[in-house]
Amino acid sequence: MEKRTTPRFGQALALIVILIIIFAGSIIGLGLSPYVPLTLSLLVTMVFAKLHRATWEDIQRDMLSGLQTALAPLFLFLLIGMLIALWMGTNVIPTMLWLGFKIANAAWFLPSAVLVTAIVGSMIGSAFTTLATVGVALMGVGTAMGFEPALVAGAVLSGAIFGDKSSPLSDSTNLASSISETDLFAHIKNLMWTTVPALVVSFIIFFVIGGGHAGASTAKLASLANLLSPTWWTIVPLVLLVGMAWAKVPAIPTLLINVAVTGAFFLLNHTPAVLGDILLNGFKTTAKNEMLQALLNRGGMLAMMPTVIIIMLALALGGLLTEQRILQAVMSPIADRIKSGAGVITGTVFTGIAANFMIGEQYLATILPGQLWKSAFDRVGLSRLALGRSLEDSGTVVNYLVPWGVAGSFAAQTLGVPVHNFAPFVFFALLSPVFSLLSAWTGIGIKKAS
């Protein structure tokens, strides 16, 4: 068997530069779908690994190991596709739309969307579930009011990411706390030094932007509300979702039980054959209004497949880059040479951002920088709480801005807006690394090792 070798710094850096050129040239230059540069980058990285004496078996194993890191999110996407279709078919989301149409105020809509998704995200600890439920409803209300879909998506995402990041129920928050080896609630408390300023500034920006729509007519909303019939039972799946989250039931069983309960309600008025069709192909409204059709015709497992395919390619590439130690070969020499606390935090933040774009997986973009920089935090005398916050401010939030990332792809599919359209408006995700760097270089909120 051939012995695999670790790439040298210059070789690994050259490969990363080539991959950046492939992505930039394909997506920005030629306007191609992420499928193309991901497949080409996978081929180039595979050849690179083979030249460094990796066996074909090693290469295949490395790609599959990347896929294994996100089997849970991939399965989660299929469940969310089913849940969205059922919540449409059983009038859950249409009832939320009706309520939104009745109380909507153009001047307050965008900042309200930030607050609502932040609260819901904090309660259930999942940005994905927040986006798939109240996020879908808020998208419908906002677009009906005349707001640009990308702007509404930015507001919805900003609040949902804050909620996910700040909740003790969140997988990503627990992961960052675990990697940094800190107490969960001490970690969340320390996050507030950068998380709260990012949310406040985002809220102010959306309030200013929303003020320009203060005179928007609500006549269209009233006419759409008249076409919808709210139902009392909408509260049941919502309470079930929040209750199971607070009981710390994992996301997959929570969604499966919600699908089962909602499916049982659906069967009261439909045949099993119709249920099977809606789970696979999504909900199709009988309303003739084109706006309602655009709002309600959603969901189904097949609708999630383009997202799943992009994520599978990205994870296979991430598996190769991680297992072949390519990112480590570039970053380890840099981490060993940085001597200041501000420099170590800056390096961690930029490593998290780079890992998100190169690997495309939120958890790996948290784990890898944590492993690379943990000893550096100890060496310069910084608390591990500073490490955990740096991981959250980059590895956790930036994935929503990556077109081929797990979170970015999911958000684009669920909200119906491409990543490159909404990314400039996800102010919370854009500002979190900025406030992290400001904290590092000013020393505000930075804890020293005890």
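**Close-up 1. S394 in helix α20.** S394 is part of helix α20, which spans residues 384–396; helices (H or I, at least four residues) are DSSP runs, numbered from the N terminus. This is a predicted model, in which local features need pLDDT of at least 70 and side-chain atom pairs count only at pLDDT 80 or more, while totals for chains, interfaces and linings use all residues. Residues are numbered from 1 along each chain as its sequence is written, and side-chain values use heavy atoms, with hydrogens and water left out. With a relative accessible area of 1%, S394 is buried (under 20% relative accessible area; exposed is over 50% and partly exposed in between, with a 1.4 Å probe and protein chains only). When neighbours within four places in sequence are set aside, S394 is in contact with T348, V349, G352, I353 and N356; contact means heavy atoms within 4.5 Å.

**Close-up 2. The aromatic pair F77 and F410.** The structure contains 12 aromatic pairs (rings of Phe, Tyr and Trp, the last by its six-membered ring, with centres within 6.5 Å; planes under 30 degrees apart are stacked, over 60 edge-to-face and the rest tilted). The ring centres of F77 and F410 are 4.9 Å apart and the planes stand at 20°, so this pair is stacked. The pair links distant parts of the chain, since F77 belongs to helix α4 (residues 71–89) and F410 to helix α21 (residues 406–415), 333 residues apart. Both F77 and F410 are buried. Together with F128 and Y400, F77 and F410 form one aromatic cluster.

**Close-up 3. Packing of helices α1 and α2.** Helix α1 (residues 9–29) packs on helix α2 (residues 35–51) at an angle of about 160°, and their axes are 9 Å apart. Axes are lines fitted to C-alpha atoms, for helices over the stretch in contact, and angles run from 0 to 180 degrees between N-to-C directions. The two helices α1 and α2 are therefore roughly antiparallel (over 145 degrees; under 35 is roughly parallel, 65 to 115 roughly perpendicular and the rest oblique). The residues of this contact comprise 12 nonpolar, four polar and no charged (Ala, Val, Leu, Ile, Met, Phe, Trp, Tyr, Cys and Pro count as nonpolar, Asp, Glu, Lys and Arg as charged, and the others, Gly among them, as polar).

**Close-up 4. Packing of helices α16 and α17.** Helix α16 (residues 301–323) and helix α17 (residues 326–337) pack at about 50°, with axes 4 Å apart. This makes α16 oblique to α17. L320, L321 and T322 of α16 meet I326, L327 and Q328 of α17.
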